[in-house]
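Please read it alongside the sequence and the coordinates.

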Amino acid sequence: MLETVILVVFAMIGVSLLLNLWRLLVGPSVPDRILALDTMYINSIALIVLYGMSLGTSLYFEAALLIAMLGFVSTVAICKYLLRGDIIE
Amino acid sequence: MSSDSSLKWLPSPFLSLLLFVVWLLLNNSLSAGHILLAVVLAIVIPLAISPFRTKQPLIAKPGLAFRHLMLVLYDIITANVQVAFLILGPTKRLTPGFVKVPLDLTHSTPITILASTVSLTPGTVSAEVYPWEESLSEGEAPKQQYLLIHVLNLEDETKLITTIKERYEAPLKEIFQC
Amino acid sequence: MVEWIVSVLLLIGGAFVLVGSIGLVKMPDFFMRLHGPTKATTLGMACLLTASMVFFSHTQAGLSMKEILISLFLLLTAPISAYMMIKSAIHHKVNSIKRTQGIDNIEDDV
């Protein structure tokens, strides 16, 4: 049963990644695109955790943690760039 | 508001506790070697970085802080279900709005915690703290501060403000004693 | 039994992540779009990571508590990145829809 559930959740997260991609391509303003990217990296963490579960290994945990950290830092860096025109003043 | 710890070799006890727990979680083990290493890290890192940290107010009432944390976690779950229904429901009926909440807190750490709580709970995202710190002249006493929040479905403005002030701000004021 | 708990948590988490992304596409202006990803996605991720924690505690020897770290990290950083994004949106004067109330409460920044 668990295999089927994992497949279904894979599909759900895949659909949400596609929706984010739509917003990333269409999104009228720059903050919209940043928001889409921010959501995309969170969804890809979900995807990696699910992949680890379907393979039955916890090796992918470190990758998920690194993506979480780098994603947050990059979101803040792009917003800072929008606010000030400079990342490090 | 007290900002100095009483122990000299332990400048910030909560940071040390956090480092200890995070190190053990990262290694996912409780072996003696890792516990020893975690204790060493939890003492050495705060000592090494204490000269360039800005002073943070200490938590005066840890018990109340824990109760407040549990309340906020419960609110996050219920608020998320509400927001999920608002998102799935008809968009045309939503009435978004910006609201200014006057703040009683004065220190920046409690204000940050309040803004983060507001962002995670019922249909509100905190946007800005007024007045701008840059607009104050040197040595001028800080005026009444406001928190600007965006509400997804604004029904009753005064009710929302009193909810935020009573449910989230009053406990924080008591926890940090400021 | 464990399998049931993991399945239910996974489905709830996936549903919340999906709802967050639907909100991202469906809402009419930026400030309303921000609500979906900051709230629904955070709770969805917490559910998914709890499911992973229960699963690995069951299949492998010993408890697996590492996933708490990612949940905590996301819970701490979601409001901050939301704040940064709404601040840059206000700075760039992104349009909000007509029926937004209290738009005068926004002050011009320096």
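How many residues does the contact take from chain C, and how many from chain B? In this predicted model, the contact takes 38 residues from chain C and 36 residues from chain B. On the chain C side of that contact, α1, α2, α3 and α4 each supply at least two residues, and the largest contribution, nine residues, comes from α4(C).

**Contacts between chains**

- By class, the side of chain C that touches chain B is made up of 22 nonpolar, nine polar and seven charged residues.
- Two pairs of chains are in contact, and of these it is chains A and C that share the most contacts.
- The contact between chains A and C draws 43 residues from chain C and 40 residues from chain A, and on the chain C side α1 (2-26), α2 (30-33), α3 (35-59) and α4 (67-91) each supply at least two residues.
- The largest share of the side of chain C that touches chain A comes from α1(C), with 14 residues, and the class count for that side is 25 nonpolar, 14 polar and four charged residues.
- Chain A and chain B do not touch, their nearest C-alpha atoms being 9 Å apart.

**Chain A: fold and dimensions**

- Chain A has three helices and zero strands, so that its elements, read from the N terminus, run α-α-α.
- The radius of gyration of chain A is 16 Å, whereas a compact globule of 89 residues would have one near 12 Å.
- Taken along the principal axes, the box filled by the C-alpha atoms of chain A is roughly 50 × 30 × 10 Å.
- Of the 89 residues of chain A, 38% count as buried.
- Among the contacts in chain A with a separation of 6 or more, 39% are accounted for by residues 24 or more positions apart.

**Annotated spans**

- For chain A, an unreviewed UniProt entry places the feature "transmembrane region" at residues 6-22, 34-53 and 59-83.
- Residues 34-53 of chain A are 100% helix and 0% strand, with end C-alpha atoms 29 Å apart, while residues 59-83 of chain A are 92% helix and 0% strand, with end C-alpha atoms 38 Å apart.
- For chain C, UniProt (unreviewed entry) places the feature "transmembrane region" at residues 6-25, 37-56 and 68-86.
- In chain C, residues 37-56 are 100% helix and 0% strand, and their end C-alpha atoms lie 27 Å apart; residues 68-86 are likewise 100% helix and 0% strand, and their end C-alpha atoms lie 28 Å apart.

**Nonpolar core**

- The largest nonpolar core has 80 residues, of which Ala46(A), Ile149(B), Met85(C) and Ile86(C) touch the most other members.
- Leaving aside residues up to four places away in sequence, Ala46(A) touches Ile13(A) in its own chain as well as Val17(C), Met45(C) and Leu48(C).

**Helix α1 of chain B**

- Helix α1 of chain B (residues 13-27) has 15 residues and should therefore span 21 Å at 1.5 Å a residue, which agrees with the 22 Å between its end C-alpha atoms.
- Just after α1(B), Asn28(B) takes a positive phi of about 55 degrees.

Conventions:
Residues are numbered from 1 along each chain as its sequence is written. Chains are lettered from A and ligands numbered from 1 in the order in which they are written. This is a predicted model: local features need pLDDT of at least 70, side-chain atom pairs count only at pLDDT 80 or more; totals for chains, interfaces and linings use all residues. UniProt positions are given in the numbering used here, feature names are shortened, and annotations may be inferred rather than shown by experiment. Helices (H or I, at least four residues) and strands (E, at least two) are DSSP runs, numbered from the N terminus. A nonpolar core is a set of buried Ala, Val, Leu, Ile, Met, Phe, Trp, Tyr and Cys residues joined through C-beta atoms within 7 Å. A residue is buried if 20 or more other C-beta atoms lie within 10 Å of its own, exposed if 12 or fewer, and partly exposed in between; C-beta atoms are placed from the backbone. Two residues are in contact if their C-beta atoms, placed from the backbone, lie within 7 Å. The expected span of a helix is 1.5 Å times one less than its number of residues. Ala, Val, Leu, Ile, Met, Phe, Trp, Tyr, Cys and Pro count as nonpolar, Asp, Glu, Lys and Arg as charged, and the others, Gly among them, as polar. The radius of gyration is taken over C-alpha atoms; the globule rule is 2.2 Å times the number of residues to the power 0.38.
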